[in-house]
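Let's take a friendly tour of this structure, with an eye on its rings and its strands. Have the viewer open as you read.

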Amino acid sequence: MGFASKPFSFLLLLSLIFCTNLELIPVAESANDYTALVYKGCAKQSFSDPTGVYAQALSALYGSLVSQATKARFSKTTSGSGQTTISGLFQCRGDLSNSECYTCVSKLPQMTESLCGKTIAARVQLFGCYILYEVSGFTQISGMELLFKTCGATTVAGSGFEERRDTALSVLENGVVSGHGFYTTSYEAMYVLGQCEGDLGDSDCGECAKTAVEKAQVECGNAISGQIYLHKCFISYSYYPNGVPTRSTSSSSSSSSSSSSSSSGGNTGKTVAIILGGAAGVGFVVICLLFARSLLRKHDDF
């Protein structure tokens, strides 16, 4: 009896330790959402470069911008000379740290070449940063021109949604001016974020944000989330019926910049994943306990 009970107790102990340890394995969350692609804009014309002078100027431009990303969230520079002059800039979202900004910007040169090739102008927007370059003489566009939009697939009816959204966006319009180009806040289950290009004055920034807000109201209607990217600014809003989740710097990108296929932003998706993961873990522990109980019964019968 003593010999039989010892291996059985040891087996039971192992099963419980295994179950407990499995439950404690955390659900992984990506910290790199801010480096995910939002959109690309590539000029239709490529530059002729038999001597490689354009490629050299563009490479120097990329190197200068990436080096600046370690200490600034916005930088503008030029490379080359005469007709081969290339101007460019990068900007990181205002709530990214210096290290996050550098991580984001350092991915852009290779991505831009891969997505656009050797075009005379290109713009690549990630969740947390973007890069823009253009060869001398490239046709300029209005700062208010719509470059990209995305609206949540889910719509909200009633419950004062439009009033909440419009009030939050109105606060955002004023906030980007007082915040000198960047502002984010929560208002009654709404999370809003706005940013203007780094060298845009407060007055022009306010006008750009106002235009973006108007486009969001028209283009996205009652969509649960929306992002509007103009040439000189962008805004985003997300509605969380159960309250805006707590945000960290690296996770705010996904929720404030939710894709059109997401009903309420990246943080909501992460929360669901954590809940499901936790539920699965608890379920497995219950199964383990039931298994242990059945072993006890068999042992008693024996």
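## Aromatic pairs

How many aromatic pairs are there? In this predicted model, the count comes to seven. One of them joins Tyr62 and Tyr133, an edge-to-face pair with 6.3 Å centre to centre and 85 degrees between the planes. This pair links distant parts of the chain: Tyr62 belongs to helix H2 (residues 53–68) and Tyr133 to strand E5 (residues 129–135), 71 residues apart. Tyr62 counts as buried because its relative accessibility is 6%, and Tyr133, at 1%, is buried too.

Phe148 and Tyr229 make a tilted pair, 6.2 Å centre to centre with 55 degrees between the planes. Here strand E6 supplies Phe148 and strand E9 supplies Tyr229, 81 residues apart. At 26% relative accessibility Phe148 is partly exposed, whereas Tyr229, at 2%, is buried. Ring pairs also link Phe148 and Tyr229 with Tyr39 and Phe234 in a cluster.

## A charge over a ring

Take a look at Arg123 as well: its charged end sits over the ring of Tyr130, 4.2 Å from the ring centre.

## The five-stranded sheet

Five strands form an open sheet in the order E6-E9-E10-E8-E7, with antiparallel pairing. E6 (146–151) and E7 (182–187) each have a single partner strand, so one side of each has no neighbour in the sheet. Between E7 and E8 (residues 190–196) there are six bridges, and Ser186 has Tyr191 in E8 as its bridge partner.

## Helices across the sheet

Helix H5 (residues 161–178) lies across E7, E8 and E10, at about 30 degrees to E8. Helix H6 (residues 202–220) lies across E6, E8, E9 and E10, at about 135 degrees to E9.

Key. Residues numbered from 1 in each chain as written. Predicted model: local features only at pLDDT ≥ 70, side-chain atom pairs only at ≥ 80, totals over all residues. Heavy atoms only, no water. Pairing = 2+ DSSP bridges. Helix = DSSP H or I, 4+ residues; strand = E, 2+ residues; numbered from the N terminus. Contact = heavy atoms within 4.5 Å. Axes fitted to C-alpha atoms, helices over the stretch in contact; angles between N-to-C directions. Phe/Tyr/Trp six-rings, centres within 6.5 Å; stacked < 30°, edge-to-face > 60°. Buried < 20%, exposed > 50% of the residue type's maximum accessible area, 1.4 Å probe, protein only. Lys NZ or Arg CZ within 6 Å of the ring centre and 35° of its normal.
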